Amino acid sequence: MYEFLRAAAIVPDVKPGDVDYNVSQILSKLEEAYEYKAAIIAFPELSVTGYTCQDLFFQDALLEKTKKGLSDILAATYGKQEVIIVGAPLRLSGRLYNGAYVMNKGKLLGISIKTYIPNHHEFYEKRWFSSAKNLDTNSVVFSELGISSSEEYDYEIPVGNNIIYDFNSDLRFGVEICEDLWAPVSPSNVLCLGGAELIINISASNEVVSKREYRKQLVKQQSASNICEYLYVSAGSSESTQDLIFSGHSMLAENGVLLNENRDFIANDYIMIADMDLGKIRHDRLTSTTFADAHDMLSEEINSLVSLKVSDTALPDSDGQYLIVPKKPFIPSSKTKRIKRCNEIFDMQVGGLVKRLEVTGARPVVGVSGGMDSTLALLVAAKALKRMKKDSSDLIAITMPAFGTSDRTYNNSLELIKALGTEPVIIDIKDSCLQHLKDIGHDADVKDVTYENTQARERTQVLMDFANANNGLVVGTGDLSELALGWCTYNGDQMSMYGVNGSIPKTLVRWMIDSVVENDLFPEAGSVLRDILDTPISPELLPPDENGNISQKTEDKVGPYELHDFFIYYSMRYGFKPSKVFYLAKKAFSEDYSEEEIKKWMEMYYKRLFSQQFKRSCMPDGVKVGSVSMSPRGDLRMPSDASVSLWLEDIK
C-alpha cells in the first residue's frame with residue numbers, strides 16, 4: 001500500500017565444486033529467509049557451483065550436476081510468492097555463460113547473463129565464460145535446459161542482459177552481474193531507463209585493501225545516477241582462498257543513500273534484510289527532467305529491452321519494519337556528520353550573503369531578538385564581514401524590546417552583539433506600537449493578532465528605515481519551518497532584503513548554532529550562545545508572566561517543530577500523500593506522541609501549508625542549502641488559493 005519492498009541478500013556457505021552441498025545451503029537459507037517475508041531473495045554469483053571452480057567449469061560432471069541443483073531449487077520455490085535469484089553457469093549453443101536464474105512459484109522466469117567478463121589482473125573469466133553480447137538467441141525453451149520442475153513446462157525463457165521483470169507494475173527490476181557494475185556503460189543504465197526500479201547485482205568480488213569502500217561508493221553512485229534501488233550481494237569467505245579472499249560484502253542503496261550493509265569485513269553464511277521505499281524512486285524519476293531526457297537519447301537501446309510481464313504473482317507485502325525512519329530527517333545521526341553538514345550549510349549561507357553585500361555595497365542589518373533564528377542570521381552576517389575582511393563594527397545589530405520581550409532574551413541579545421565585536425542599537429518600540437494601535441483604534445488591552453502583529457511590523461519598518469539611513473541591507477531571519485507553517489507576520493518578519501535561513505528547518509537551526517560553538521568560530525560568544533540554545537522558542541509578542549519568564553511558547557500553539565519538520569521533509573521532498581507520511585511518523589515517533597497527537601498536528605500542518613502560501617509567493621531572495629526549499633523561484637510553485645480538502649481527506 002505504501003510502496004515498501006523487502007529484500008534479502010543471502011551469502012551461504014559454499015564448497016567450490018560441491019553442488020549438492022551448495023544447494024543444501026541455499027535451500028536452508030531460503031527457509032530462514034521466508035520467515036522475513038522478503039519479496040526478493042538474492043544469492044551471489046555462481047552460488048550453485050561456487051565462483052572459484054576455475055577449469056572445473058569445463059567438466060561435464062559439474063555442469064550436469066548444476067542442472068540437478070537448479071531443479072531442486074526451482075522445486076523449492078513452487079507455491080512461493082518470493083522471487084529467488086541464484087547464480088549458475090549456463091551451457092548454450094556451444095558456449096558457457098555466467099547466469100542469474102530468476103525463479104518464482106516453481107517457474108524459471110528468465111536467465112540474466114553477465115555482459116562484461118573481466119580478464120585482467122587477478123581475473124581470468126574469459127577463459128571460461130562468454131559475454132551476453134555473444135548470445136545468438138534471446139530465448140530458450142525450458143525443456144532444452146535439462147532442468148526439471150514439479151510441473152511439466154514447455155515455455156520460452158528470455159535469456160540475455162536486457163530483461164526487465166515486471167510484476168503487475170508493482171515492481172520492475174533488472175539483474176546485472178558483478179563486473180557489469182564496474183563498466184563505464186553498464187546494463188543497469190539501460191534497464192533503469194527502460195523502467196527497472198530495482199537493480200540486483202549478484203557478485204563475486206574479491207577483497208583487497210580499500211576495495212570495500214570503493215565498491216560501496218560505486219553502488220551508491222549507480223543507484224543515484226539511475227535513480228533506483230540497488231541490491232548488491234557478493235560471494236563469501238568460504239570460496240576458495242587459493243589466491244583470493246572473498247568478503248561477502250552485501251548492501252542496499254536507495255538513490256545514493258546506503259540503507260543497509262553487512263558490517264563484518266570478511267563475512268560468510270548470513271542473511272541481510274532491508275526494506276526499501278519505491279515511492280522515493282518513483283517521485284524523483286517523475287520530477288527529474290534529466291532522467292526523461294536520458295530515456296529519449298537511448299531510445300534505440302531501450303526498445304531492445306525485453307519486458308517480462310508476471311501477472312499471476314502478488315509479491316509479499318512489506319510493512320516497512322526494517323525501514324530506517326529517522327525522527328529528524330534533515331539532521332545526520334552522527335555528531336561528526338552533523339557538524340560537517342552544519343559547517344557546509346553555514347559556509348553556503350555566508351557565501352550567499354557575501355555576494356549580495358558585495359553587489360550592493362551595503363552593510364548587514366540584523367534584528368536580534370535573543371532567539372535562535374536571529375542568532376544564526378547574526379552569526380552569518382558576522383562571518384560574512386570577516387570573509388570580506390571588513391571591520392566587525394560594520395555589522396548593524398538592532399534589538400527592539402516590546403511588550404513580550406523577556407529579560408533573558410533581551411540581555412542575551414545585547415551580550416551576543418557585543419561578543420561579536422559591535423555595539424548594539426537599542427530601539428524600544430513600545431511607544432510607537434501603542435501610538436499605532438491608538439491610530440487604528442485598537443484597544444491595547446485586547447491582546448489579539450493585531451496586537452501581536454503590530455510589533456512584528458513595527459520591527460520590520462524600523463529595520464528597513466534604519467538600513468536606508470545607514471547604507472544597510474536587512475538580513476532576514478525566518479526559517480523553513482516558519483515559512484511552511486506561515487508562522488510569520490506578512491510584511492513583518494516575513495520580509496527582508498535577503499533571507500539567509502529560508503531553507504533551514506527549525507530543528508536544524510539549533511544544531512547550526514551548536515556547530516558554531518563546537519568549532520569555536522566566535523569564542524567570545526560561546527557562553528551566551530549556549531544559553532540561547534536553552535531558551536524556549538517564542539515570538540515574544542505577548543507580555544512575560546508574573547515572574548518575567550516567556551509566556552508565549554510557539555510549540556504549544558502550532559505543535560512540535562520536530563513533527564512539522566518531519567512532515568515537511570516527506571511531503572515536500574518526496575510528495576508522499578498524508579496517509580503515508582502519517583504511517584512513517586507513527587513509526588518514527590511511536591515512543592513520543594500518540595497517534596491522535598500526530599494526526600492533530602499533521603492536520604494543522606496541511607491547513608497552514610495551503611492557507612499561508614501567499615506569504616511564500618513573495619518571500620525574499622536567499623540561497624537554497626538543502627533538499628527542500630519553498631522559494632517560488634525554485635522548489636515550490638503553488639497557487640495561493642489551492643484547496644487542501646484532498647490532503648485532509650487522506651489523513652482520515
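In helix α8, Phe346, Asp347, Gln349, Val350, Gly351, Leu353, Val354 and Leu357 meet Leu376, Leu379, Val380, Ala381, Lys383, Ala384 and Arg387 of helix α9. Contact means heavy atoms within 4.5 Å. The residues of this contact of α8 with α9 split into 10 nonpolar, 2 polar and 3 charged. Here Ala, Val, Leu, Ile, Met, Phe, Trp, Tyr, Cys and Pro count as nonpolar, Asp, Glu, Lys and Arg as charged, and the others, Gly among them, as polar.

This is a predicted model, in which local features need pLDDT of at least 70 and side-chain atom pairs count only at pLDDT 80 or more, while totals for chains, interfaces and linings use all residues. Residues are numbered from 1 along each chain as its sequence is written, and side-chain values use heavy atoms, with hydrogens and water left out.

How do the two helices cross? Two packed helices are described by the angle between their axes and the distance between the axes. Helix α8 covers residues 335–360, and helix α9 covers residues 372–387. Their axes come within 9 Å and cross at roughly 65°. The axes are lines fitted to C-alpha atoms, for helices over the stretch in contact, and angles run from 0 to 180 degrees between N-to-C directions. The crossing of α8 and α9 is right-handed.

## The whole protein

Now step back. The protein has 21 helices and 20 strands. Both are DSSP runs, numbered from the N terminus: helices are H or I with at least four residues, strands E with at least two. The C-alpha trace spans about 100 × 50 × 45 Å along its principal axes. Of the 652 residues, 57% count as buried. Buried means under 20% relative accessible area, exposed means over 50%, and partly exposed lies in between (1.4 Å probe, protein chains only). Consider contacts between residues at least 6 apart in sequence: 73% of them join residues at least 24 apart.

## Rings that pair

There are 24 aromatic pairs in the structure. Rings of Phe, Tyr and Trp (its six-membered ring) pair if their centres lie within 6.5 Å; planes under 30 degrees apart are stacked, over 60 edge-to-face, and the rest tilted.

Take Tyr36 and Tyr322. Their ring centres are 6.4 Å apart and their planes stand at 65°, so the pair is edge-to-face. Tyr36 is in the loop between α1 (19–34) and β2 (40–42), and Tyr322 is in the loop between β15 (306–309) and α8, so the pair ties together parts 286 residues apart in sequence.

Tyr490 and Phe614 make a tilted pair, with 5.3 Å from centre to centre and 35° between the planes. Tyr490 lies in the loop between α13 (480–485) and β20 (498–499), whereas Phe614 lies in helix α20 (residues 613–616), so this pair links parts 124 residues apart in sequence.

| Residue | Relative accessible area | Class |
|---|---|---|
| Tyr36 | 33% | partly exposed |
| Tyr322 | 29% | partly exposed |
| Tyr490 | 34% | partly exposed |
| Phe614 | 36% | partly exposed |

Rings also gather in a group. Phe330, Phe566, Tyr569, Tyr570, Tyr574, Phe576, Phe589 and Tyr593 form one aromatic cluster.

## Lysines

Where does the charged end of Lys107 sit? It sits over the ring of Tyr155, 4.8 Å from the ring centre. Lys447 has its charged end over the ring of Tyr451, 5.5 Å from the centre. A charge sits over a ring if NZ of Lys or CZ of Arg is within 6 Å of the ring centre and within 35 degrees of the ring normal.

Lys29 belongs to helix α1. Is Lys29 buried or exposed? Its relative accessibility is 8%, so Lys29 counts as buried. Neighbours within four places in sequence aside, Lys29 touches Ile10, Pro12, Phe43, Asp269, Tyr270 and Ile271. Lys29 and Val11 are 18 residues apart along the chain, and their C-alpha atoms are 8.7 Å apart.

## Loop residues

Leu46 is not a glycine, yet it has a positive phi of about 50°. Leu46 lies in the loop between β2 and α2 (60–76). At 0% relative accessibility, Leu46 is buried.

Asn471 also has a positive phi of about 50° without being a glycine. Its loop runs between α12 (449–469) and β19 (472–476). Asn471 is partly exposed, at 45% relative accessibility.

Pro632 is in the loop between α20 and α21 (645–651). Beyond its neighbours within four places in sequence, Pro632 contacts Arg616, Ser617, Met619 and Arg637.

Note on methods: Left-handed = near helix turned anticlockwise from the far one by under 90°.
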